[in-house]
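Hi everyone, thanks for coming. Let me put the structure up before I start talking.

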Amino acid sequence: MLAAAVCCTLPLALPAPAPLGGPVDWPRLGLLAFLHACAESLAVGLPTPCARLGRRLLRLPPREPCEAVRALPGRGFFPVLFAGVLLLPPAAAALVAVPGALAARTPGPRGPRHLHRLWNAAQLAVAAFAASAVHRLLGGPDRLLGARFPSAALGAMAAVAVFCLVNAALVGVMRSLDTTAPHRAAHPAALARATGAVVLPALVQGVGGLMVAVLWQGPYGAFAAVLALLPLSISAWMFAQGHREANAHRATVGALVQAVEIKDAYTRGHSERVGRAAVLIARQLGMAEERIRTLHFAGTLHDVGKLGVATELLRRNGPLTDTERRAVEVHPVFGYELVRDLAFLGEAREGILHHHERLDGRGYPAGLAGDRIPEFARIISVADAFDSMTSTRSYRRGRPVTEAVDELRRCAGSQFDPAMVAALVSAVDEHGWQPEPPPPGGWDGEVPDIPLGVPEPSPRVPAPGHRIPTGGSS
């Protein structure tokens, strides 16, 4: 990759054919490279190189390090780089992204971090070279200089498409060479969503790059181009802050789940699988993506209330008495109390509270029935039961998926919402389901083969000092 990037810059030093060579406006190249480095830092929520250099010159202490995020789906923030593709010869366009890529902050040990920066710089250089070459072969610079639209826009979009294709191909090569990363076959629907998440931002950034390039060649030159770039950078920076907040939310959820699984080792992985099964159901129902993200939080945190239950009861291998069972059944109320102040969870909180309600009203903690049970709770109830039945525990053997599905169908209409059961069955038929494997070394002793069956619910007894919210769906 480094050799290919070096070859892309050779026309700067050697004579080259017209589409690849040509006079280079070095001040323009330098300014574009500087602007790209600054905009890329803003777009991922990090201080710009100028800000970092200024703090060093003023001998100010460095800011507390923070994690970089991707401001837009894809590989970065590219309006300036696209402007360079449209304004400069291919060899010069290849150099625009190099300073920003080399100065970027990347996680990991120092050696791999430097290699990662070099790879990113080379990858962007090759993609920019190819895009600029195609733009020139299509006569884009002449149309751009005369502001001949829509032909100028078509040439620019063709260059953006080539950039995305080359960039994606190089990323695919890198992943295929990475022997440490698991290689999974992507589902067509997931692949289509991922493609859409990259193509649309690329087109938006391409239009931004075209606007910068047109203004740059206008009467006000670089000044107008920088002014046009400013709102794009600010928007990307604000998006990055929102993305960082979302990462903080995921970290909060992960910490709570880890605490539950440390306390109740036999349910390790159960929370994540319930969240995944809940998402499968929601996608079959056509739920909006924003609600699906919230539902995933609800499914993952549905058992967080077990932090308030005695550890001895959670780890008991034998049957529980009625009193002990009622003590365990209070965990949805405990879970609601733990998360009710986490505003980002939204309706997930009601799902956590009511995921053990039954459609016939004999569930707990509030005895809600039918449509009074929140939709999230009805989904989680099915996902929770399905994973519990198909997972082997120390006190009973997991059942085959087909038997678990038959049990869900048998209880549909009394315990479970039939629509949610049908959605899970369709999702499992379409995507399959991998039950939890036994731990390394297997379980201690023989795991009993207990038949499936839904236990009768205990009388509802709220925890002392806790009022059970009875609000239905939110």
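Predicted model: local features only at pLDDT ≥ 70, side-chain atom pairs only at ≥ 80, totals over all residues.

I'll go through some helix packing and then some aromatic pairs.

Residues are numbered from 1 along each chain as its sequence is written, and side-chain values use heavy atoms, with hydrogens and water left out.

Helices here are DSSP runs of H or I, at least four residues, numbered from the N terminus. Two packed helices are described by the angle between their axes and the distance between the axes. The axes are lines fitted to C-alpha atoms over the stretch in contact, with angles from 0 to 180 degrees between N-to-C directions.

Okay, find helix α19, residues 401–411, and helix α20, residues 418–431: their axes come within 10 Å and cross at roughly 160°. That makes α19 roughly antiparallel to α20 (the label for angles over 145 degrees). Who touches whom? Contact means heavy atoms within 4.5 Å, and here V401, V405, L408 and R409 of α19 meet V421, L424, V425 and V428 of α20.

Now bring in helix α18, residues 375–390, whose axis comes within 9 Å of the α20 axis, crossing at roughly 50°. From α18 we have E375, R378, I379, V382 and F386, and they meet M420, V421, L424 and V428 in α20.

On to the rings. Phe, Tyr and Trp rings (for Trp, the six-membered one) pair if their centres lie within 6.5 Å, and planes over 60 degrees apart count as edge-to-face. How many aromatic pairs does that rule give? The count is five.

Take F82 and F163: the ring centres are 5.1 Å apart and the planes sit at 90°, so this pair is edge-to-face. F82 is in helix α4 (79–87) and F163 in helix α9 (151–177), 81 residues apart. Both F82 and F163 are buried, that is, under 20% relative accessible area with a 1.4 Å probe, protein chains only. Ring pairs also link F78 with F82 and F163 into a cluster.

Last one: F297 and F344, with centres 5.7 Å apart and planes at 85°, so edge-to-face again.

Technical notes. Helix = DSSP H or I, 4+ residues; strand = E, 2+ residues; numbered from the N terminus. Parallel < 35°, antiparallel > 145°, perpendicular 65-115°, else oblique. Phe/Tyr/Trp six-rings, centres within 6.5 Å; stacked < 30°, edge-to-face > 60°. Buried < 20%, exposed > 50% of the residue type's maximum accessible area, 1.4 Å probe, protein only.
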